[in-house]
Amino acid sequence: METERLEKTNDEIEREMLAEAGITQVGDNEYGIDGKPYTVRFCGRTEDGFGLLWECDCPAAKFNPDKMCKHARLVADVSGRIADTLGYD
Ligand SMILES: [Zn+2]
């Protein structure tokens, strides 16, 4: 049985979904928010292994590091949707 070739690669889908949300990947596990001078970083998993840790260098995140700022929430949200779309864990 022939495998149907996908029109877009996973990388392309990922970039498009990020762009639609106003996010640009700027490095390994690093994301820029369009129009903002902040960088959101993926920092691995929580100790229980279920949650994902994100940090942002905006003032709100510095002021309250235990709470996810809106930038980190945005990137986490979109990255979760990308994972669902592409079938990642
Ligand atoms: Zn932030």
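Begin by selecting helix α1 and helix α3, where α1 passes α3 in a right-handed crossing, a crossing being right-handed if the near helix is turned clockwise from the far one by less than a right angle, and left-handed if anticlockwise. Helices (H or I, at least four residues) and strands (E, at least two) are DSSP runs numbered from the N terminus.

Now show the side chains of N10, I13, E14, M17 and L18 in α1 together with V78, R81, I82, T85 and L86 in α3, which make the contact between the two helices; residues are in contact if their C-beta atoms, placed from the backbone, lie within 7 Å. The axes of α1 (residues 10-20) and α3 (residues 70-86) come within 10 Å and cross at roughly 150 degrees, the axes being lines fitted to C-alpha atoms, for helices over the stretch in contact, with angles from 0 to 180 degrees between N-to-C directions. The two helices α1 and α3 are therefore roughly antiparallel, a term for angles over 145 degrees.

Before moving on, note that this is a predicted model, in which local features need pLDDT of at least 70 and side-chain atom pairs count only at pLDDT 80 or more, while totals for chains, interfaces and linings use all residues. Residues are numbered from 1 along each chain as its sequence is written.

Then select the strands, which form an open sheet of 4 in the order β1-β2-β3-β4 with antiparallel pairing; two strands pair if DSSP finds at least two bridges between them. Because β1 and β4 (52-56) stand at the edges, each with a single partner strand, one side of each is left without a neighbour in the sheet.

Within the sheet, go to β1 (residues 23-27) and β2 (residues 30-33), which pair in the antiparallel sense over 4 bridges, and find I23 opposite I33 in β2. The hairpin of β1 and β2 has 2 residues between the strands, and N29 there takes a positive phi near 60 degrees. Moving across, β2 and β3 (residues 39-45) pair in the antiparallel sense over 3 bridges, and the bridge partner of Y31 in β3 is V40.

Finally, bring α3 back into view: α3 packs on the sheet, touching β1, β2, β3 and β4, and its direction makes about 140 degrees with that of β4.

Note on methods
Angles under 35 degrees count as roughly parallel, over 145 as roughly antiparallel, 65 to 115 as roughly perpendicular and the rest as oblique.
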